Amino acid sequence: MIVLSAEADPNLPTDMLAAGVQAYLLKPFDFPRFFTVLDVSLAGGGRTVTDTPRSQRTVLYIDDNPVSVRLVELILQGRPALRLISAAGGAQGLELAREHRPALLLLDLRLPDMPGEEVVGAVLSDPILRSTPVVILTAAAGTASIKRLLALGARASLTKPLDIVQFLTVVDGCLGGGHLWPAAVDHGRPAGLSPARTS
């Protein structure tokens with residue numbers, strides 16, 4: 001038996017496992033993780049690791065395109081431990097970054113009030129924010145500007161439309177929840193993973 005629940009009582013996973021369930025997954029859940037748990041259970045594998053409620057970590061997305069923001073919001077619904085906030089411009093984004101101290105900053109380079117490069121520079125030169133991982137999400141940047149930003153300290157650059165598997169791998173890697181593989185800087189994907197793209 002696998003329990004799928006939105007109940008955030010931290011004692012429930014332990015109680016359910018003690019009662020004999022195979023796994024306890026929180027909703028909204030991560031589909032790749034769900035299918036992994038399902039495969040292990042159907043193969044007769046041992047007790048799987050359960051999801052346990054954790055305090056939410058903030059992800060800040062700076063982009064003036066509401067469609068892009070909504071798409072990222074939908075994708076991150078599979079990460080219930082993450083809370084997305086957004087800003088439509090660089091100045092507002094920097095204010096929110098200083099106020100909320102996000103665990104991850106997602107950034108489009110074409111902003112209405114200032115270049116994305118300037119935002120990256122401001123974040124990485126700020127003594128409070130400089131440890132914040134910055135991931136570029138853009139459809140516009142050329143190779144030279146991306147290389148410059150990566151050299152400056154941005155963690156990765158992904159091209160829109162996003163490859164969902166790649167995007168989540170980068171997010172997990174930046175937040176310490178997974179391995180940030182070298183191909184995350186938008187040059188292919190791990191072997192065996194099919195592209196699931198947003199538009």
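**Exercise 1.** How many residues does the largest nonpolar core have, and which of those residues have the most contacts inside it?

Solution. Keep in mind that this is a predicted model. The largest nonpolar core has 22 residues. Inside this core, Ile62, Leu107, Val119, Val123 and Ile136 have the most contacts. Next, look at where the core comes from: the elements giving two or more residues include strand 3 (57–62), strand 4 (82–87) and helix 5 (116–125). Helix 5 gives the largest share, four residues.

**Exercise 2.** Find what valine 123 touches, leaving out residues up to four places away in sequence.

Solution. With those neighbours set aside, valine 123 touches Leu94, Leu105, Leu129, Arg130, Thr132 and Val134. Now step over to a second, separate core: this one has 21 residues, including Val59, Val69, Phe167 and Leu175.

**Exercise 3.** Work out where arginine 101 sits, and whether it is buried or exposed.

Solution. Start with the place: arginine 101 is in the loop between helix 4 (90–100) and strand 5 (104–107). Then check the backbone: arginine 101 isn't a glycine, yet its phi is positive, about 50°. Last, arginine 101 has a relative accessible area of 51%; the cut-off for exposed is over 50%, so arginine 101 counts as exposed.

**Exercise 4.** Which peptide bond is cis?

Solution. Look from lysine 160 to proline 161: that peptide bond is cis, with omega near 0°. Proline 161 lies in the loop between strand 7 (156–159) and helix 7 (164–174). For context, most peptide bonds are trans.

How values were computed
Residues are numbered from 1 along each chain as its sequence is written. This is a predicted model: local features need pLDDT of at least 70, side-chain atom pairs count only at pLDDT 80 or more; totals for chains, interfaces and linings use all residues. Side-chain values use heavy atoms; hydrogens and water are left out. Buried means under 20% relative accessible area, exposed over 50%, partly exposed in between (1.4 Å probe, protein chains only). A nonpolar core is a set of buried Ala, Val, Leu, Ile, Met, Phe, Trp, Tyr and Cys residues joined through side-chain atoms within 4.5 Å. Contact means heavy atoms within 4.5 Å.
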